[in-house]
Structure formats: C-alpha cells, structure tokens
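Hi,

Here is the structure I promised to pass on. Have a look at it first, and then read my notes on the disulfides and strands below.

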Amino acid sequence: MCLMCLLGDVSVTSSRRTAIRSRIKCCLLNHTRRRKQQHIRCFHHHHTQHQDSVKSFTMVSSTFLRLILLLCLVSSSFSFTANSTTADQTLRPQEELQKLKVIRQELQKINKPAVKTIQSSDGDTIDCVLSHQQPAFDHPLLQGQRPMDPPEIPKGYSKDDESYEDSQLWSLSGEFCPEGTIPIRRTTEQDMLRASSVRRFGRKIRRVRRDSTSNGHEHAVGYVTGKHYYGAKASINVWSPRVTSQYEFSLSQIWVIAGSFTHDLNTIEAGWQISPELYGDTYPRFFTYWTSDAYRTTGCYNLLCSGFVQTNRRIAIGAAISPRSSYKGGQFDISLLIWKDPKHGHWWLQFGSGILVGYWPAFLFTHLRQHGSMVQFGGEIVNTRPGGSHTSTQMGSGHFSGEGFGKASYFRNLQMVDWDNTLIPVSNLKILADHPNCYDIRGGTNRVWGNYFYYGGPGKNPRCR
C-alpha cells in the first residue's frame, strides 16, 4: 500500500492509514502465533526474548510507516498548486524532476546577478542588476550594447495634470538601487510552479480579436482607430479589485496596437494588474507587455524575456503600487505615457511625473516599427466560469461606471501623440463593453479631466450569470 503511495498515490487518507495499521497488527499477531507454535517447549526460556523481538519489529514497522508517509506528503507537494483539491491525483516522479530542471534553467535566464538586494514589505525580493546585464541584453541584436540615452519628450507634455507622486511598496523604506543598476523583481520557483504552463510562463493567453471573449477575456474599453498613432497618455485610477481564481486576472491598461488580430498583431501595453498566478498575491502591480505575433510565441510581461530595456533605477516593473484608492475615500492614479522616439524609432514608457522607465526596441516589431493603427484604454479580466457561472472577479473598483467619482474607477486626460511628436486630446473616442451586465463603461469630457471615462463592475450578479 505505502509502496504504491511512494510510486504514485499521493492521497493517504485516514481510512487508509487505519487499514495499514490493521494489516501490520495482523502480521505481528500471525508472527507471534508461529513463534509460539515453533518454540512451545522453550516458551518460558524465550518469552522475554520474543517480547523484545515483537517490540523491536513494531518500532521498526512504525518508523518505516512514518517515513513512507512523510515521503508521500513531501512528494505530493511538488505536484499540486496552492488551490488544488483533488485527492486522487498521481505523482509522476520523472516528470516532476524534469519540470523542476526546466524551471531552474529558466530562472537562470531570468534572474541576473545582483550587486544589491532589497527586501520589500510585501514579500518581494528586489535585485539591483547592472543595467547592461538585464534580460533584454540577452537578445542577439542587443548583446554588447548599452541602454539608449533619453529621447525627446513629446511637445505639449505637462506635469500639471499629474496630481500624485507615484510610489511602490518596495521603495517605501527609502532604499534604492545604486547608479548604473536597475531594480528587478526576483522570480522564484514558486512563481513558476503556480503557472498553468512553465513553457508559457510570463505570457498572456492568445486572444483572437479585440472584442472577442475567447479564452474568457472580457473588456470595458475606450478606443480610437483609423489614423496613425505614435503614442498615448492617460492617468489611470488604481484599485485592488477582487480576483477569485488563481488563473484569472484583473487589469487596467493602455494598448498601442498595429497589425491584424488573427496572426501578426503587434501590441505595446502598460498599466496595473492583479494576477495571483503571476505574482502569488492580490496587490495591484505596475506591468508592461508586448507581442509581435498575436500573443503566440513572442513577448512577455515585464522583464521575463528579452525585450523591454529598462533605464530607471527607482521603478521596479512588476512591483506593487502604493497607495491605492478606496470606496468613498482617497483616490489615487498613475500617469502613463507611451511614445515613439522620432530619432531612433524605439517606443518609450514614462511612469508618473516625468520618470522614464525604459523602451521597447523598434526591431521587436513588424507593424509598430512605423506606427500604431489603434489605441485602447480600459479594463480586462479573465473569466474561467468557476462552477459553471460567471466569475465574481471584479474590474476596476468592482463597481459600475454609473456610481461615478470615488466609487467607480476612471481613466482621465486621454491623449494621443501625433506624427509631429505632439500630445493632442483624443478625438472620436468610442467605448465598448462586451459584457455590459457584468462590466460597463461611460465616457465624458470636461475642462479639468479632458476626455475621460468611468468603467468596471462586480462580475457575477443577478444580471450577469
């Protein structure tokens, strides 16, 4: 029974343990009877020796049983995720060993040598890595190079509409990375073991169309299309929406898009997200993403592959954002600006009040080497339909757009970058919610916020099933 457990059956139930003990006890009794029959004439002489033998056998059997049970429990920990509840799954040692080998190889690629390490209050480890040793420079077209110098900021840019200084939890201690290094959130074995696929760790599931709900992706977005776009800017309200499944997420972001949605889609993405699978918690985190082939084989989140080149030592991509907004309480947002450098063609990212984070090299893309053909702003969630009904994972604040300021999440001061590297207000903004009974959106314009919209919702409710 326990040998089977060691080889594969990782569920050792109470009833099974009772059966094992009964079988051992039975063996011991039979053993005692045989000994009595064989040595009846010298029973008194060997009685004490026989008792000691039984006791010794019992102790060895008990110790062996406990050892096997311990090995079973230790082995089972490698084959389950945190929310696994199936008790009769089997362990395949060779597959698990191979999986761990692959994970450690991937971690060697992702985690670079650190000159300094900072521990964050949320449990993250931030490694200060020499800027020219970051993952981006593993790319064949970047090997041996150094990060680019800062580009020209788009004309019309102003810090006046950026109300709050943005911060991250890891930096609240006052510690930062030294000059010449960048902060990188360390990826752990636990991070990769949580992933539904180790091979696709750090990548989004492919989606076919912007307004598609294939793979359970649902959206509430504002978008513009039909022109050439060289960048976008917005201030995004930060919340901590509830995410009810490890394999779901909730995010709010800007997309700069070019190409077709079927096979050669190019996207540049930045915003905040809650992803228990990727990060192991429910903090809203600053993130980036890119793809050049419709999420099939290229691109990744943050710095989890060769792509985005970070240039800033005070912002950690993938780290938790602080503070966050509260219902009927304080409201906080992050300002993001993405634009194409007219001189070199790279796409740069700015976070907060003039903080250059880094850039996506132009050679990563096909269509986006020239310009974008669509820009989107808004929220996205994944709906795995737990229990056969719509998820309760929230978008934005978890409240519908009609509740307004302090209750619903918002995007404000929506702007575009034109061919002349000039920021201009968004015009002809269209809005779309593909499941309006679950998550909705409504837009507006005023002198303070320019173009804006409220969006989001609670997910499952009497009108969303």
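Strands S2 and S4 run antiparallel to each other and pair over five bridges. (Strands here are DSSP runs of type E with at least two residues, helices are H or I runs of at least four, and both are numbered from the N terminus; two strands pair if DSSP finds at least two bridges between them.) One of the contacts is Leu130, whose bridge partner in S4 is Thr181.

Before you go further: this is a predicted model, where local features need pLDDT of at least 70 and side-chain atom pairs count only at pLDDT 80 or more, while totals for chains, interfaces and linings use all residues. Residues are numbered from 1 along each chain as its sequence is written, and side-chain values use heavy atoms, with hydrogens and water left out.

S2 also pairs with strand S1 (residues 116-119), again in the antiparallel sense, over four bridges. There, Gln119 has Thr125 in S2 as its bridge partner. S1 and S2 make a hairpin with five residues between them, and Gly123 in the turn has a positive phi of about 100 degrees. S2 is mostly covered, with five of its six residues buried (buried is under 20% relative accessible area, exposed is over 50%, and partly exposed is in between, using a 1.4 Å probe and protein chains only).

Now the disulfides. A disulfide is counted when two cysteine sulfur atoms lie within 2.5 Å, and that rule gives three of them. In general, such a link is a covalent bond between the sulfur atoms of two cysteines.

- Cys128 is joined to Cys177, S to S 2.1 Å. This pair links distant parts of the chain, 49 residues apart: Cys128 sits in S2 (residues 125-130), and Cys177 in the loop between S3 (167-168) and S4 (181-185). The link is left-handed, at -80 degrees about the S-S bond, and both Cys128 and Cys177 are buried.
- Cys300 and Cys305 have their sulfur atoms 2.1 Å apart, and their link is left-handed too, at -85 degrees. Cys300 has a relative accessible area of 2%, so Cys300 is buried, whereas Cys305, at 21%, counts as partly exposed.
- Cys438 and Cys464 have sulfur atoms 1.9 Å apart, and with 95 degrees about the S-S bond this link is right-handed. Cys438 lies in the loop between S18 (430-433) and S19 (440-446) and Cys464 in the segment after S20 (450-456), so the pair ties together parts 26 residues apart in sequence. Cys438 and Cys464 are both buried.

Cheers
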